[in-house]
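My entries follow in the order I made them.

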Amino acid sequence: MIPTQTSGKNKARGQIEATPRVDSFKLRDTGGDRCQIVADRHSGKSVWVRLSRKPNGFGGWQLFFLCPACGQRVRYLYYTGGGFLCRKCARLNYRCQQETRCGPLYYYRKGMTYAEKRLRPLFLPFDPGDFSQWTPPPPRYMHEPTYLRYLARLRRYQQRHVARQEKQEAQQIMQLRRQISAVGGGGLWQQIERCLEQNDGGPAAAP
């Protein structure tokens with residue numbers, strides 16, 4: 001799993017994907033209005049949660065939990081250490097809501113997560129520099145049109161990653177030029193530009 005950066009008010013919230021939960025759809029309806037949920041198997045600690053029923057459209061009933069804190073009818077209850085709560089009461093949100101979209105590795109993480117989920121490669125390029133040229137092989141038994149569709153979306157993540165890296169490098173060069181000009185004047189930067197042209201075969205980025 002590729003780690004993500006968090007920012008803003010979502011930093012203080014937990015992630016749904018990393019929080020244990022129970023699913024009311026997996027319960028067996030015994031006709032009661034409450035059910036017992038084991039919170040800790042080692043200590044045997046358990047809690048009782050109220051249930052609600054709703055017609056499922058097939059002549060039967062579907063079970064839901066009633067959140068112990070707010071009473072809202074929900075499918076999932078999340079264990080936060082002190083008990084089982086709904087997503088809102090437990091102050092949880094999804095991993096994608098906690099990502100820093102302005103980060104330099106945002107599209108790298110998005111692309112890697114997408115490739116890991118859809119293309120299931122055996123090896124992942126954990127170096128962001130290798131990500132832009134990476135082509136995962138087609139998974140076994142996957143149809144070619146499906147593979148090409150997934151690969152096209154991965155290519156868009158790669159292109160956006162390269163564009164963001166180039167933009168960041170240009171900004172760093174402009175900032176460096178302003179700092180050098182403030183200390184040693186424009187002549188020092190001109191000498192650096194000549195050295196860059198000799199090493200890279202092209203002019204340095206100008207502000």
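I started with C70, which is partly exposed at a relative accessible area of 43%. My classes are buried for under 20% relative accessible area, exposed for over 50%, and partly exposed in between, with a 1.4 Å probe and protein chains only. C86 is in no disulfide, and its nearest cysteine sulfur, that of C89, is 3.5 Å away. C86 is buried, with a relative accessible area of 2%. I took a disulfide as a pair of cysteine sulfur atoms within 2.5 Å. By this rule I count zero disulfides.

**Basis.** I note that this is a predicted model, in which local features need pLDDT of at least 70 and side-chain atom pairs count only at pLDDT 80 or more, while totals for chains, interfaces and linings use all residues. Residues are numbered from 1 along each chain as its sequence is written, and side-chain values use heavy atoms, with hydrogens and water left out.

**Layout.** I find four helices and nine strands in the protein. These are DSSP runs numbered from the N terminus, helices being H or I of at least four residues and strands E of at least two. Along the sequence the pattern reads β-β-β-β-β-β-β-β-β-α-α-α-α. Of the 207 residues, 29% count as buried.

**Salt bridges.** I asked how many salt bridges there are, and the count comes to two. The rule is a side-chain nitrogen of Lys or Arg within 4 Å of a carboxyl oxygen of Asp or Glu. One pairs R75 with D23, with the closest N and O atoms 2.8 Å apart. R75 sits in the loop between strand 6 (73-74) and strand 7 (76-79) and D23 in strand 2 (residues 21-23), so this pair ties together parts 52 residues apart in sequence. R75 is partly exposed at 31% relative accessibility, whereas D23 is buried at 13%.

I then looked at D29 and R53, whose closest N and O atoms are 2.7 Å apart in a salt bridge. D29 lies in the loop between strand 2 and strand 3 (34-40) and R53 in strand 4 (residues 45-55), so the pair joins parts 24 residues apart in sequence. D29 is partly exposed at 38% relative accessibility, and R53 is also partly exposed, at 27%.

**Positive patch.** I listed K117, R118, R149, R153, R156 and R160 as a positive surface patch. Helix 1 (106-118) and helix 3 are the elements that give two or more residues to it. Which element gives the most to the positive patch? Helix 3 does, with four residues. R156 is placed in helix 3 and is partly exposed, with a relative accessible area of 43%. Patch residues have over 30% relative accessible area and no salt bridge, with like charges joined within 9 Å.

I180 lies in helix 3 (residues 144-184). I180 is buried at a relative accessible area of 12%. Its C-alpha is 9.9 Å from that of I192, twelve residues away in sequence.

**Positive phi.** I noted R120, which is not a glycine, with phi near 50°. R120 is in the loop between helix 1 and helix 2 (128-131). Y141, also not a glycine, has a positive phi of about 70°. Y141 is in the loop between helix 2 and helix 3 and is exposed, with a relative accessible area of 68%.

Technical notes
Patches are made of residues with over 30% relative accessible area and no salt bridge: like charges are joined within 9 Å, nonpolar side chains (Val, Leu, Ile, Met, Phe, Trp, Tyr) within 5 Å. Accessible areas come from the Shrake-Rupley method with a 1.4 Å probe; for residues, only the protein chains shown count as cover. Lys and Arg count as positive and Asp and Glu as negative; His and the chain ends are not counted. The place of a charge is taken as NZ of Lys, CZ of Arg, CG of Asp or CD of Glu.
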